[in-house]
Amino acid sequence: MSSCRERRNQRWCAPPLTPLNEGPDDLYVQNEGVKKESSWEAIREWFRTQKSLPGGGTNGFSASAYGSISPPKRQDLRLLLGVLGCPLAPIPLVNKPPNHLHIRDIPIECSAAHYILQQYLAATGTSKKKTCPKNMYTVGMVKMVCCPTEISTGKNVKTLGARTGENGCFVLWQMSPGMWSLELVVGGNKVIAGSDGKIVWRHTPWLGTHAAKGPQRPLRRIIQGLDPKSTSILFAKAQCLGEKTIGDEDCFVLKVAADRAAVMERSEGPAEVIRHVLYGYFSQKSGLLIYMEDSHLTRVQAGENEAVYWETSIGSSIGDYKDVDGVLIAHQGRTIATVFRFGETSEQHCRTRMEEVWEIQDVVYNVPGLSIDSFIPPADIYKQVMSSP
C-alpha cells in the first residue's frame, strides 16, 4: 500500500519541455492579413504548396517555378499536427449507456454489438470496478512522420516530397464526464486542446484559439485504449457488421456514424461535412479493442462551379495492454492517416500519408487537487460561442 501511495504522489509529474514556438512562423507573418477560418485551412494550405511542385500538370495541378525544392518542413509539421494532433470521435458520448436490452426491441446487429461491448468491459476489468476513477493523468511519447505525396493528373501518377518526421510528447488530463485537457509538443510546436463538458476548443500557433463546431465529442486519443469505459459508451449504439481478420486476430467489427443533422452542425463557411464514420475491431480471442479506424469526408466549394472533396482516413493499431489499478490500458499503438483530395472525379487527385507511433509512459488515477476549474476554456472561446449564430 505504501508503494502504491508513493507512485501516486511521485510519478504523475511531467518531464520538462523544450522551448516552444508559440507565435506565428515566418510564412504566416507574410500573410497575417489572411484570416484562417477553420482547422482544415492548414490542410488546404499544405496542398497548395504541393500543387506548385514540379510534375503537377494542369487542371488544378499547375507547373512549378521552384525547381526541385520540396515543401517547407514547417508545412509538413503543420499538416501532421492538424490531422493527428487532437482529432475527435464522430459522435458525442451518451449520458447513460443501456445496461439491459430487450432483444425484441432492437435489431440483431445492435444486440450483438451490446454483447461484444460487455465482453470488452469484462476483458479490460472495467466491469469489476465498483467505482469509477474521478480523474486520470496520462503522459506519453509520440513520433510523427509525413510521407511523400502522390499526385495524379489522370494519366500520370508522380510522387513528390520526402519522408520527414519529428519526435514529441503529450500530457493528457481527464475528468468525468467529458472533461479533458491535452498538451501535445512535436518539433518545437505545441497544440493545446480541451473540453469542459460543453465546449471543445483547440489552440495552434498558426490558427490561434477556436472552438469546435457541432456536438461536444470526445478526444480520439482517449477512446483508443486509454479509457475503456468511454470507449464502450461511444459504441453503445453501434451495429455489428460481422467479422474481419486484423493481422493474426479474428475480430468483430462495430460501426457508429454521425447522423446527418450532427455533421451539418459541423459545417463551416465553404466547408460542408458530409459524413464521419468510426469502426472498432474487437478481438474474438481476448475481447480487447485492437484496431480502430474512422473516415471523414468534407466538401469544400472552391468556386462557383468547382467543388473539392477532402477525405481523411485514420486507422490505429492498439496493443500492449497493461494493468493499471485493475484496468487494462493500451500502452502502445501506431496510427496511419491518409488525406485524399479529389474533384468531382477521383482521376485527378492528391494523396498524402502520415504516421504516428505512440507510447504511454504513465497512467495515474485520482490525482489529488484536480478540479473542474482545470478545464475552463480560454476567455476568447466564450466570446466566439456567444457571437456565433
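Me: Which residue has its backbone oxygen 2.9 Å from a polar atom of the side chain of R217?
Reply: This is a predicted model, numbered from 1 along each chain as its sequence is written, in which local features need pLDDT of at least 70 and side-chain atom pairs count only at pLDDT 80 or more, whereas totals for chains, interfaces and linings use all residues. Side-chain values rest on heavy atoms, with hydrogens and water left out. R217 has its place in the loop between β7 (208–211) and α6 (220–223), where helices (H or I, at least four residues) and strands (E, at least two) are DSSP runs numbered from the N terminus. A polar contact is a pair of N or O atoms within 3.5 Å, where within protein one must be able to donate a hydrogen and the other to accept it, and residues adjacent in sequence count only if both atoms are side-chain atoms; the backbone oxygen found 2.9 Å from the R217 side chain belongs to A89.

Me: How far from R217 is the nearest side chain of opposite charge?
Reply: Lys and Arg count as positive and Asp and Glu as negative, while His and the chain ends are not counted. R217 is buried yet has no salt bridge, where buried means under 20% relative accessible area, exposed over 50% and partly exposed in between (1.4 Å probe, protein chains only), and a salt bridge is a side-chain nitrogen of Lys or Arg within 4 Å of a carboxyl oxygen of Asp or Glu. The nearest side chain of opposite charge is that of D294, at a distance of 8.0 Å.

Me: Is H210 buried or exposed?
Reply: H210 is placed in strand β7, and its C-alpha atom is separated by 8.8 Å from that of V200, ten residues apart along the chain. Because its relative accessibility is 18%, H210 counts as buried.

Me: Which residue takes a positive phi in the hairpin of β10 and β11?
Reply: Strands pair if DSSP finds at least two bridges between them, and eleven bridges join β10 (residues 271–283) to β11 (residues 289–301), which run antiparallel. Within this pairing, F282 stands opposite L289 in β11. The hairpin has five residues between the strands, and the residue there with a phi near 85 degrees is G287.

Me: Which residue of β12 is the bridge partner of E293?
Reply: β11 also pairs in the antiparallel sense with β12 (residues 307–324), over eleven bridges, and a hairpin joins β11 to β12 through five residues. In β12, the bridge partner of E293 is G315.

Me: How many residues has the largest nonpolar core?
Reply: A nonpolar core is a set of buried Ala, Val, Leu, Ile, Met, Phe, Trp, Tyr and Cys residues joined through side-chain atoms within 4.5 Å. In the largest one, the residues with the most contacts inside it are W180, F235, L254 and M354, where contact means heavy atoms within 4.5 Å. Apart from it lies another core, of ten residues, among them V139, V171, W173 and L370. The size of the largest core is 65 residues.

Me: Which residue forms a salt bridge with E356?
Reply: The whole structure holds ten salt bridges, and in the one made by E356 the closest N and O atoms are 2.6 Å apart. E356 lies in strand β14 and its partner in helix α6, so the pair ties together parts that are 135 residues apart in sequence.

Me: What is the N to O distance in the salt bridge of E355 and R334?
Reply: E355 lies in strand β14 and R334 in strand β13 (residues 327–342), so the pair ties together parts that are 21 residues apart in sequence. E355 is buried, with a relative accessible area of 8%, whereas R334 counts as partly exposed at 37% relative accessibility. R163, R334, R353 and E355 are linked in a network of salt bridges, and the N to O distance between E355 and R334 is 3.4 Å.
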